[in-house]
Amino acid sequence: MKHVIALDVGGTGMKAALVAPDGTLLYEDRRPTGREHGPSAVVAGIMDFAAELRDEGRRRFGETALAAGVVVPGTIDEAEGVALFSANLGWRDLPMRKLLGERLGVPVALGHDVRTGALAEGKLGAGRGISRFLFVALGTGIAGGIGVDGRIESGFHGNGGEIGHIMVRPGGPACGCGSHGCLETIASASAVGRAWAAASGEPDATAADCALAVAADDPRAVAVWTEAVAALADGLVMAHTLLDTGTVIIGGGLAEAGDTLFAPLRAAVTERLSFQVPPALVPAMLKDTAACLGAGLLAWDLLSLEVTA
């Protein structure tokens, strides 16, 4: 069976799949990214994981994957296939496409994890049929994708959609990008987890634990959650004022809190607007498979371009 390799490299975990031409996930696997071991170990892990997927495809389907799509966080040069910088994974100027192509022996497409997740949401999920949308992923960090007429706008320098690095709290917490008070230092799932761990005295507490405590009306959790929602609303209103998107799609781990997040967030965004028409705030449909599905789409698109050329 014809298939491609799809690999989504996140700040804490990697998701991978073998993807059929119609977008069906034929096989899925996950493992930790291992960023605590340093950038070199992360890259080695990516290469090994991809090779294992290639071998799995051969065993299952009797043929090698036709191509691979890999998506990573941070700043990338899609045309050159280089991962320029990742605050969460610590690499700079990594020739990802070249390295993976040499390891796998197939064409490789490189994409930004969140923009590629936005692509999948636009084609297959909550953005389907919507001409203008903003996709925001609240995970280890925060990033976004700007959907315009079926494509995702990457920007002149490849930084389009980096809403996580809008400065919402000048002089606030240090960010891995080198600035202070960026949105992701306050409102990402990891930031909420850290704040709740400090407030609760539980060092292993997570954002999901905080959401549960909010639902139970724990005042400490409510204080942490309210600050995160306020910062997120500030960032979304800035983005909406510039982009005037009809729909904002929220994904990532923090979105799993459902109405615990969406109810106060909708209220906070609305109260910050003046002349702007409020956007629809909706949860992502593809959950944590969006970027992996998007990586598969990139791989199939790459093959289509090669045939056309």
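Which residues line the largest cavity? The notes below answer this and then take up a pocket, a helix and a loop residue.

1. The model is predicted, so local features need pLDDT of at least 70 and side-chain atom pairs count only at pLDDT 80 or more, while totals for chains, interfaces and linings use all residues. Residues are numbered from 1 along each chain as its sequence is written, and side-chain values use heavy atoms, with hydrogens and water left out.

2. The largest cavity is lined by Ile250, Gly251, Gly252, Ala255, Glu256, Pro283, Ala284 and Lys287. On a 1 Å grid over the protein atoms alone, a cavity is a set of points where a 1.4 Å probe fits but cannot get out, and lining residues have an atom within 4 Å of a point. The volume of the largest cavity is about 30 Å³, and a search of the whole structure finds 1 cavity of 30 Å³ or more. Its lining has 4 nonpolar, 2 polar and 2 charged residues, with Gly counted as polar.

3. The second largest pocket has a volume of about 410 Å³. A pocket is an open set of grid points with protein on both sides within 12 Å along at least five of seven lines. Of its 18 lining residues, Glu78, Leu110, Gly111, Leu119 and Leu298 lie nearest the centre. Strand S8 gives the most to this lining, with 5 residues. By class, the lining has 8 nonpolar, 5 polar and 5 charged residues.

4. In helix H2 (residues 96-104), Met96, Leu100 and Leu104 are buried, where buried means under 20% relative accessible area and exposed over 50% (1.4 Å probe, protein chains only). Seen down the axis of H2, these buried residues fall within an arc of 40°, so they line one face of the helix. An α-helix has 3.6 residues a turn, so residues three or four places apart point the same way. The face of H2 turned away from the buried side carries exposed Lys98 and Glu102. Cover for the buried residues of H2 includes strand S1 (4-9), helix H1 (39-61) and strand S8 (108-112). Just after H2, Gly105 takes a positive phi of about 75°.

5. Ser188 lies in the loop between helix H4 (184-187) and helix H5 (189-200). Ser188 is buried, with a relative accessible area of 0%. Not counting residues up to four places away in sequence, Ser188 touches Gly139, Thr140, Gly141, Ile142 and Leu183 (contact means heavy atoms within 4.5 Å). The side chain of Ser188 also reaches the backbone nitrogen of Ala191 at 3.1 Å.

Definitions and conventions. Helix = DSSP H or I, 4+ residues; strand = E, 2+ residues; numbered from the N terminus. Arc of directions from axis to C-beta. Polar contact = N/O pair within 3.5 Å; in protein donor to acceptor, adjacent residues only side chain to side chain. Points joined across faces, edges and corners; volume = space filled by probe spheres on them.
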